[in-house]
Amino acid sequence: MSEQVGGICTEDLTPAYETYEYYDLPFCSPGQVIHKKESIREVLNGDRLTNTLYELKFAVNKSHVFLCRKNLSSDEVAKFRSAVANDFYFQNYYDDLPFWGFIGKVEDQNWTFDGKGPNKYLLFSHVRFDVLYNDNQVLEAHAFSDPNHTVDITDDIEVDVEFSYSVFWKEAPTKLKSRMVRYSKASLLPLLQTVHWFSFINSVVITFLLTGFLVVVLMQHLKNDLRK
């Protein structure tokens, strides 16, 4: 993976759209985290592009590549559990194509007498990347968190986690010029439109307030000048 958005996005019932640094959570990180210079659009979206340890070589399949081993402290476990509880997901970019994957999942144990047991929080330790290509061009990229590779992070205790990933390439008939069509119909689009409209209205209101304040100040000065 050549580039990754260094932020974990959370989406709740409010119209807010928040992004966080990818390495705010104790994921496997390279020796030197390099932040890419963002465009204005990326800055407004809250994107923070950084490098990762994932390596996707064109048309080269990989299976269960070791990424790193982490000994998570109780505080780090609590951070991951909070992210899983709030349905945080990470956002990646490969060849300028965005794709997403969840950090973990919540399971109901349902073992108590009344049938309502405490939740069980699981962290995904393995990610599978599926990439579609045509000729020598990348068309689509997907990230799937493997439910068969999870670590229990329900309790605030130290946990050893071995992170890994797999990459599978598949040839597809789609042409390069059509590869962005699916992203224009993405499920996140209504949310982004809502956020953009909210930002636009907020900017207009602030502009009118500042203009009104400026007019009042200028009128006061003009009155003083006329009196003189």
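The structure described is a predicted model. In this model, Asp87 is found in the loop that lies between α2 and β5, the latter covering residues 89–94. The phi angle of Asp87 is near 55°, which is a positive value in a residue other than glycine. With a relative accessible area of 48%, Asp87 is partly exposed. A second residue other than glycine with a positive phi is Asp135, where the angle is near 60°. Asp135 belongs to the loop between β9 and β10. Its relative accessible area is 58%, so Asp135 is exposed. As background to these two angles, most residues other than glycine have a negative phi.

The strands were examined next. Four strands form an open sheet in the order β4-β12-β9-β10, and the pairing within this sheet is mixed. The edges are taken by β4 (62–72) and β10 (137–145); each has a single partner strand, so one side of each is left without a neighbour in the sheet. From one strand to the next, the twist averages 20°.

Strands β4 and β12 run antiparallel and are joined by eight bridges. Strand β9, residues 126–134, pairs with strand β12, residues 159–171, in the parallel sense, over eight bridges. Within β12, Ser166 is the bridge partner of Arg128, and Trp169 of β12 stands opposite Val131. Helix α2, made up of residues 74–85, lies across β4 and β12. The helix runs at about 125° to β4.

Strand β9 also contains Asp130. The relative accessibility of Asp130 is 18%; buried means under 20%, so this residue counts as buried. A polar contact of 2.8 Å connects the side chain of Asp130 with the side chain of Arg128. When neighbours within four places in sequence are left aside, the residues in contact with Asp130 are Glu140, Ala141, His142, Phe144 and Phe168.

Four salt bridges are present in the structure. One of them is formed by the side chains of Glu162 and Arg69, at 2.9 Å from N to O. Glu162 is in strand β12 and Arg69 is in strand β4, so the pair ties together parts that are 93 residues apart in sequence. Glu162 is partly exposed, with a relative accessible area of 40%, whereas Arg69 counts as exposed at 56% relative accessibility.

Another salt bridge brings together the side chains of Arg81 and Asp156, at 2.5 Å from N to O. This pair also links distant parts of the chain: Arg81 is in helix α2, while Asp156 is in the loop between β11 (150–152) and β12, and 75 residues separate the two. At 15% relative accessibility, Arg81 counts as buried.

Lys105 counts as partly exposed, at 26% relative accessibility. Glu107 is likewise partly exposed, with a relative accessibility of 31%.

Terms used: Residues are numbered from 1 along each chain as its sequence is written. This is a predicted model: local features need pLDDT of at least 70, side-chain atom pairs count only at pLDDT 80 or more; totals for chains, interfaces and linings use all residues. Side-chain values use heavy atoms; hydrogens and water are left out. Two strands pair if DSSP finds at least two bridges between them. Axes are lines fitted to C-alpha atoms, for helices over the stretch in contact, and angles run from 0 to 180 degrees between N-to-C directions. Contact means heavy atoms within 4.5 Å. Buried means under 20% relative accessible area, exposed over 50%, partly exposed in between (1.4 Å probe, protein chains only). A polar contact is a pair of N or O atoms within 3.5 Å; within protein, one must be able to donate a hydrogen and the other to accept it, and residues adjacent in sequence count only if both atoms are side-chain atoms.
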